[in-house]
Amino acid sequence: MDKINLFSGIDSEGCEKIAECFGMKKKIYEEDEIILSYSDNGKSVYIIQSGAAQISCIDEDGNYSLLENLAENDVFGEMFCFPINNVQYIVKATQRTEVCSLDYYKIIRPCANVCEYHCRLLDNFCGIMAEKVQTLSMRISILTQRSVRRKLLTYLQAANSGGGYEEFTIALSLSELADYLNVDRSSLMREIRSMKREQILWSKGRKFRFIDPQ
């Protein structure tokens, strides 16, 4: 299923009115520049206008985990993550990236005119919130698996949207995948080689295909 765009169903005139009404701000970040470090008092919703970024978390021991890759039209902000003590969330540009920001409370509280554009924006925002919950549930499901193989299979089965034996491409590089699964990269590569020998799957770079046991 395609991701919901915050501005889906809103024409250019509506986008201009929203930008003016909400006091939308735009800023450009260079590659490797920190866009946002989450805090408890975040009041903004951010949209990737162009470019790409990554959301990561760092625990008190300095261990890094990749949470999500962000691309054009993706939405992020403090309200989309669980507040966990001693864990820092950061968003970093992976290339030159333009980001728009909107006041969270202006989204969830209709303006005096209760215009159709605002209503549509709120509908889209609720849809995005539901998507974020599904993504987080999947991440929890992956991390609770006891072995590297089970973590990998859970991720690949979710990525294989067709559910069959056709080739599919994952969004992450293998290094990013190891971070996402919270496993050592060498352990991940060893498990992939083992599963290929056992004729469970075929892979080349980011491309994978489950092998029909028949």
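Colleague: Buried means under 20% relative accessible area, exposed means over 50%, and partly exposed is in between, with a 1.4 Å probe and protein chains only. Which residues of helix H1 are buried?

Modeller: Before that, note that this is a predicted model, where local features need pLDDT of at least 70, side-chain atom pairs count only at pLDDT 80 or more, and totals for chains, interfaces and linings use all residues. Residues are numbered from 1 along each chain as its sequence is written, and side-chain values use heavy atoms, with hydrogens and water left out. In H1, residues 12-22, the buried ones are Gly-14, Ile-18 and Phe-22. They lie on the same side of H1, because they cover an arc of only 50° around the axis. The arc is that of the directions from the helix axis to the C-beta atoms.

Colleague: And how do you decide what a helix or a strand is?

Modeller: Both are DSSP runs, numbered from the N terminus: helices are H or I with at least four residues, and strands are E with at least two.

Colleague: What is exposed on the other side of H1?

Modeller: Ser-12, Glu-16 and Glu-20 are exposed there.

Colleague: What covers the buried residues of H1?

Modeller: The cover includes strand S8 (97-103), helix H2 (104-108) and H3. Contact here means heavy atoms within 4.5 Å.

Colleague: Which residue follows H1?

Modeller: Gly-23 does, and its phi is positive, near 65°.

Colleague: Changing topic to the sheet. What is the strand order in the open sheet of four strands?

Modeller: The order is S2-S7-S4-S5, with antiparallel pairing. S2 and S5 are the edge strands, each pairing on one side only. From one strand to the next, the twist averages 20°. Axes are lines fitted to C-alpha atoms, for helices over the stretch in contact, and angles run from 0 to 180 degrees between N-to-C directions.

Colleague: What counts as two strands pairing?

Modeller: DSSP has to find at least two bridges between them. In general, strands of a sheet pair through backbone hydrogen bonds, either parallel or antiparallel.

Colleague: How many bridges join S4 to S7?

Modeller: Six, with strand S4 (residues 53-58) and S7 running antiparallel. Strand S2 (residues 34-37) pairs with S7 (residues 88-93) over three bridges, also in the antiparallel sense.

Colleague: What is the bridge partner of Leu-36 in S7?

Modeller: Val-91. Val-91 is also the bridge partner of Ile-55, while Ile-34 has Lys-92 as its partner in S7.

Colleague: Which sheet strands does H5 touch?

Modeller: H5 packs on the sheet and touches S4 and S5, and its direction makes about 115° with that of S5.

Colleague: Which residues of H5 are buried?

Modeller: In H5 (residues 174-181) they are Leu-174, Leu-177, Ala-178, Tyr-180 and Leu-181. They cover an arc of only 165° around the axis, which means they are on the same side of H5. Their cover includes strand S5 (64-70), helix H3 (116-143), helix H4 (148-159), helix H6 (185-197) and strand S11 (207-210). Asn-182 follows H5 and has a positive phi, near 60°.

Colleague: You mentioned S11. Where do its side chains point?

Modeller: They alternate along the strand.

Colleague: How many bridges join S10 to S11?

Modeller: Four, and strand S10 (residues 201-204) runs antiparallel to S11. Leu-201 stands opposite Phe-210. The two strands form a hairpin with two residues between them, and Gly-205 in the turn has a positive phi of about 65°. Strand S9 (residues 168-169) also pairs with S11 in the antiparallel sense, over two bridges, with Thr-169 opposite Lys-207.

Colleague: Last one, on Lys-132. Why does it count as buried?

Modeller: Lys-132 counts as buried because its relative accessibility is 15%. Lys-132 lies in helix H3. Not counting residues up to four places away in sequence, Lys-132 touches Glu-68, Val-75 and Phe-80.
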